[in-house]
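Trainee: I have just opened this one and would like a short tour. Can we take it piece by piece?

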Amino acid sequence: MERPGPSEVTGSDVSGPDPQLAVTMGFTGFGKKARTFDLEAMFEQTRRTAVERSRKTLEAREKEEEMNKEKELRRQNEDTEPTSSGSNVVRDCSKSSSSDTSSSGSEESDSSDDELIGPPLPPKMVEERVTHMEEDISRLPPPLSEEQEDDDDDDDGDSEEEENPVQKIPDSHEITLKHGTKTVSALGLDPSGARLVTGGYDYDVKFWDFAGMDASFKAFRSLQPCECHQIKSLQYSNTGDMILVVSGSSQAKVIDRDGFEVMECIKGDQYIVDMANTKGHTAMLHTGSWHPKIKGEFMTCSNDATVRTWEVENPKKQRSVFKPRTMQGKKVIPTTCTYSRDGNLIAAACQNGSIQIWDRNLTVHPKFHYKQAHDPGTDTSCVTFSYDGNVLASRGGDDTLKLWDIRQFNKPLFSASGLPTMFPMTDCCFSPDDKLLVTGTSVQRGCGSGKLVFFERRTFQRVYEIDITDASVVRCLWHPKLNQIMVGTGNGLAKVYYDPNKSQRGAKLCVVKTQRKAKQAETLTQDYIITPHALPMFREPRQRSTRKQLEKDRLDPLKSHKPEPPVAGPGRGGRVGTHGGTLSSYIVKNIALDKTDDSNPREAILRHAKAAEDNPYWVSPAYSKTQPQAMFAQVESDDEEAKNEPEWKKRKI
């Protein structure tokens, strides 16, 4: 077979695709032009289809209205014309009208008009109505689908509830958890809402399990992770398996869900001037926060004028250091810090009244800096981001609560005053729907009651208040999943507010359980001696629950043997009765067991002295041959001594 020339190849390409090429490539249609789409024509076709559908929908609605009107007219005519002839005329007219309308409307719509009653409309009115309908249809939007209509109905129902966000506050019921007698300065709730952890000025951290707790509301574990340092902040990680404990010391700790230590941050060198060159904090901590997205990363701020980020896997050195500065470049102490909701920003409030926000990956200069957010010299106790991440709320030590937009961080959006605070950890939080802002107020002892105050975020009006107790409200926490509000007070109480209809799980689980009676055997526990510096072989094992040991002892026949009661009567089974009637029992009871002697021992010995002297038997015969005879000196009387005195003594006298 001869190859075609170049001219032949070009000619074949112009005329059509080569069949040989199709066989070689393995599919037909090779060399065809790609199909082009005219978007404007498609949009125009879509618009016409939508207008046509709207027109048909409008026509169907108008026909339904006409049909209803004609039915009403028919009823009125039947009532006004009692004669049968009149009714027959109406029926004949209705039949003729129904046949006319069915023949004319079958071309426009699929719905049958056989049920229409009454005379037909004149043709002029029909033409005018059709022209008006076309004008109205051109102005109408395209029809909505069934899903969109359902969504609109839901939105209409929700809009009524959204008008009053106060109705969503779950405060109809409450339970009280007794932490201690001193201030509850820290609250933490895990992401699932199953466990609550509280910390206070009494150095204790207590764990509360809603699912395992009954109506007695007792903590299942209590410990002192930081020895003699007040607990300032507690927070569960985003996975719920670790708890960040921030106390008055310079070293933050991370414990697991059961209270055992996971890691402890290293302490820095306090003699280094530049705090960025030391590996940890050198002064008292204020607060801490977990990263909302990255597992194992958290942040702390301290009196050494630094904010440090850490990783659980590397407790020997911080990850990064942020150093807040004044406008003149001097050090300033941060009093609180937090992450944004996406974790990209770090916000800190300082003692000079400023709020500084950094990018998480850029530690040199703050991204936003507002120097007079609150009064200088006051401790801003809390900064928190809203759930949408655009708004920042700050609770100041100058008795104010302010709202900021980080997109325009030049002035506060709203400010509320008259909110007294006396604690450096009084906080604020947003409601789960981002429509309310909550904070607590402080009072002097015996001078009123602490309140939980609710502000509407959109207008910042004071819309609601709850009287908590006759002490200050320090901590507040609104959990988004449970829809329950946890409050820590200045008199050692932790209160949980909930609504049986609006809230989920949490306090609802333990309220329905009856209080169990404590077993006496379980309360008697073995004394536990803590020796932290002892060698492992001398260290006592960790104290465990006595319940499992009691169950094992119950299976042991020796330990679970019931003691035999005392024998009553003469005795049986080889056992002597304690109050028998025989002579032997009388002797045992009255003579053999009575061995008391109340006499004087010296008199008892001297009683036998004369008999031993007259009739020596034991000692004297043994020494009669070897003992020398006793020779005693004679004692002269006074008269004999006077006679024997010399003469010169008598003269001298």
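Trainee: Which residues lie nearest the centre of the second largest pocket?

Mentor: Gln235, Ser289, Arg341, Thr384 and Leu477 do, out of 48 lining residues. Bear in mind that this is a predicted model, where local features need pLDDT of at least 70, side-chain atom pairs count only at pLDDT 80 or more, and totals for chains, interfaces and linings use all residues. Residues are numbered from 1 along each chain as its sequence is written, and side-chain values use heavy atoms, with hydrogens and water left out.

Trainee: What is the volume of that pocket?

Mentor: The second largest pocket has about 1,300 Å³. A pocket is an open set of points on a 1 Å grid over the protein atoms alone, where a 1.4 Å probe fits, with protein on both sides within 12 Å along at least five of seven lines; lining residues have an atom within 4 Å of a point.

Trainee: Which elements give two or more residues to its lining?

Mentor: Among them are strand E2 (184-189), strand E6 (231-236), E18 and E22. Strands here are DSSP runs of E with at least two residues, and helices are runs of H or I with at least four, numbered from the N terminus.

Trainee: E18 came up. What sheet is it in?

Mentor: E18 belongs to an open sheet of four strands, in the order E18-E19-E20-E21, with antiparallel pairing. E18 (382-385) and E21 (414-416) are the edge strands, each pairing on one side only. Pairing takes at least two bridges found by DSSP. Inside the sheet, E19 and E20 share five bridges, and Arg395 has Leu401 in E20 as its bridge partner.

Trainee: New topic. Why is strand E16 described as largely enclosed?

Mentor: Because four of the five residues of E16 (355-359) are buried, meaning under 20% relative accessible area with a 1.4 Å probe, protein chains only; exposed is over 50%, and partly exposed lies in between. E16 pairs antiparallel with E15 over five bridges, and three bridges join E16 to E17. Ile355 is the bridge partner of Ala349 and stands opposite Tyr370 in E17.

Conventions
Points joined across faces, edges and corners; volume = space filled by probe spheres on them.
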